[in-house]
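Please keep the model open while reading.

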Amino acid sequence: MLQTERVAFLFVDARDMYQNALEMLEQDRLRNAADKAWCATRRATDALILARTGEEPRTSSQTMRMIRELRRQDPSLEPLRVSYGHRQSFLRGAAFYDGILEPADDIIADVQETIEYIRDAEAMADTV
C-alpha cells in the first residue's frame, strides 16, 4: 500500500472509531466510548506522523515520541501534542484502564470533541 493510501486509510479508520465511540455513548457505555475515542485519536495521530515522516508508529509510546519530535520541528503542532497527551492520560488511562468515569460530562465532551482532533490532524497532515 502506498504511503498516501495508508494515510487515507488511517484517517478513515479514525473516523470509523469515532463513530463507534458515539454509538457507545448512545448505549451509555462510557468506558467503551472512551476507548473508541482514544483509538480514533491514536489512528489520526499515526496518520499525521506517517504523512509527515514516512514512518508509521507501531506503539502508543512511539506515537508520543514522534509527535514530540515533529512538534520540535513545527511548533504549530503543540496544541495537537498537548491534546494527544491529555487524551492518552484521560481517555485511555483513567477512563478505560482504570475505570474512572467521573466526571462523566468531561468524558462525554472529550469523546464528542474527538472529531475536532481528527480534523486538526488531517489539516496538519495536508500542510506538508
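Tyr 97 has 51% relative accessibility, so this residue counts as exposed. The cut-off for exposed is over 50%. Phe 96 counts as partly exposed because its relative accessibility is 24%. This is a predicted model.

Phe 96 and Tyr 97 form an aromatic pair. The structure holds two such pairs. A pair of aromatic rings is described by the distance of the centres and the angle of the planes.

| Aromatic pair | Centre to centre | Angle between planes | Type |
|---|---|---|---|
| Trp 38 and Tyr 84 | 5.2 Å | 50 degrees | tilted |
| Phe 96 and Tyr 97 | 5.2 Å | 65 degrees | edge-to-face |

Arg 31 lies over the face of Phe 96, at 5.9 Å from the ring centre.

Now the other pair. Which helices hold Trp 38 and Tyr 84? Trp 38 lies in helix H2 and Tyr 84 in helix H4, so the pair ties together parts 46 residues apart in sequence. Trp 38 has 6% relative accessibility and therefore counts as buried. Tyr 84 also counts as buried, at 0% relative accessibility.

Helix H5 comes next. H5 spans residues 104-112, and its Ile 107, Asp 110 and Val 111 are buried. Why do they lie on the same side of H5? They cover an arc of only 100 degrees around the axis, which puts them on that one side. What covers the buried residues of H5? The cover includes helix H1 (3-26), helix H2 (30-53), helix H4 (78-97) and helix H6 (114-126).

Note on methods. Residues numbered from 1 in each chain as written. Predicted model: local features only at pLDDT ≥ 70, side-chain atom pairs only at ≥ 80, totals over all residues. Heavy atoms only, no water. Buried < 20%, exposed > 50% of the residue type's maximum accessible area, 1.4 Å probe, protein only. Helix = DSSP H or I, 4+ residues; strand = E, 2+ residues; numbered from the N terminus. Arc of directions from axis to C-beta. Contact = heavy atoms within 4.5 Å. Phe/Tyr/Trp six-rings, centres within 6.5 Å; stacked < 30°, edge-to-face > 60°. Lys NZ or Arg CZ within 6 Å of the ring centre and 35° of its normal.
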